[in-house]
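Visitor: I would like to learn how to read individual features of a structure. Could you take me through some of them, one after another?

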Amino acid sequence: MKKIVIAIDGHSSCGKSTMAKALARKIGYVYVDTGAMYRAVTLFALRHGMIDADGRVDEQTLEASMDQVKVSFTLNAETRTPETCLNGENVEHDIRGMEVSAHVSAIAALPFVRRVMEAQQKAMGRDKGIVMDGRDVGTVLFPDAELKIFVTATAEVRARRRYNELKAKGMDADYDEILKNVQQRDYIDSHREVSPLRKADDALELDNSNITLQQQDEWLMERYLERVK
């Protein structure tokens, strides 16, 4: 069967990464988590003191440092899933905490950050055979992708999933704080000047608020098979 590009866009905490990873593993495609890439840049900025206590970003310093930010993915031998690396360091755990979550939308909205990350992402997809998820994969990165999915769910459902995910990892979590963060990220992602979150005209919408992971995976596999056949 021919190889295609699969673009999965949607709101934060919709489980885009989970479904994209599962599909890529089943069909033998490369998985790229674009959201994790922006989280890695956010972690870089936090580690280097470029975000102050009030959340203000030192944009000038960050822009001058972007040539030092290289994001890649490594395969976990036990789970067979890709994990995020920042300049060769595995930071998969570090980028999932609330401190990064609280600042990632502001970092991802910066035009110079998007330019650098998009260049790295496009390079990953030149040979097709990839599943990529994020906020603007189907509208900006790969507008000609053969299969585009836009995933959504209610803010409350997404906050509860995020809460359960953090607790399962043994991390501190507050549901009300997470819900507020989800709502803030929705607003920022949809209203940013550069590459705002929106559903591509030819994307298929999936509201996974009230379906199981198995139902979601089966639906996605059916859409993939329709495209490659």
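Predicted model: local features only at pLDDT ≥ 70, side-chain atom pairs only at ≥ 80, totals over all residues.

Visitor: How many aromatic pairs does a search of the whole structure find?

Guide: A pair of aromatic rings is described by the distance of the centres and the angle of the planes. Here the search of the whole structure finds one such pair. The ring centres of Tyr 29 and Tyr 224 are 6.0 Å apart and their planes stand at 85°, so the pair counts as edge-to-face.

Visitor: Which parts of the chain does the pair tie together?

Guide: Tyr 29 belongs to the loop between helix H1 (16-27) and strand S2 (30-33), while Tyr 224 belongs to helix H9 (residues 213-228), so the pair links parts that are 195 residues apart in sequence. Both Tyr 29 and Tyr 224 are buried.

Visitor: Over which rings does Arg 160 lie?

Guide: The charged end of Arg 160 sits over the ring of Tyr 163, at 5.3 Å from the centre of that ring. Arg 160 also lies over the face of Tyr 175, where the distance to the ring centre is 4.3 Å.

Visitor: Let us turn to helix H8. Is Arg 185 buried or exposed, and what is the nearest side chain of opposite charge?

Guide: Arg 185, which is placed in helix H8 (residues 175-191), is buried and yet has no salt bridge. Its nearest side chain of opposite charge is Asp 189, 5.0 Å away, whereas a salt bridge is counted within 4 Å. If residues up to four places away in sequence are left aside, Arg 185 touches Ser 12, Arg 39, Ser 101, Val 104, Ser 105 and Arg 135.

Visitor: What is the relative accessibility of Gln 184?

Guide: Gln 184, which also lies in helix H8, has a relative accessibility of 42% and therefore counts as partly exposed. The C-alpha atoms of Gln 184 and Ala 102 are separated by 9.1 Å, although these residues are 82 residues apart along the chain.

Visitor: In what order do the three strands of the open sheet come?

Guide: Strands of a sheet pair through backbone hydrogen bonds, either parallel or antiparallel. In this open sheet the three strands are arranged in the order S3-S4-S5, with antiparallel pairing. Strand S3 (71-75) and strand S5 (89-90) are the edge strands, each pairing on one side only. Between S3 and strand S4 (residues 82-86), the antiparallel pairing runs over five bridges, and Ser 72 has Cys 85 in S4 as its bridge partner.

Notes:
Residues numbered from 1 in each chain as written. Heavy atoms only, no water. Helix = DSSP H or I, 4+ residues; strand = E, 2+ residues; numbered from the N terminus. Buried < 20%, exposed > 50% of the residue type's maximum accessible area, 1.4 Å probe, protein only. Lys, Arg positive; Asp, Glu negative; His and termini not counted. Contact = heavy atoms within 4.5 Å. Phe/Tyr/Trp six-rings, centres within 6.5 Å; stacked < 30°, edge-to-face > 60°. Lys NZ or Arg CZ within 6 Å of the ring centre and 35° of its normal. Pairing = 2+ DSSP bridges.
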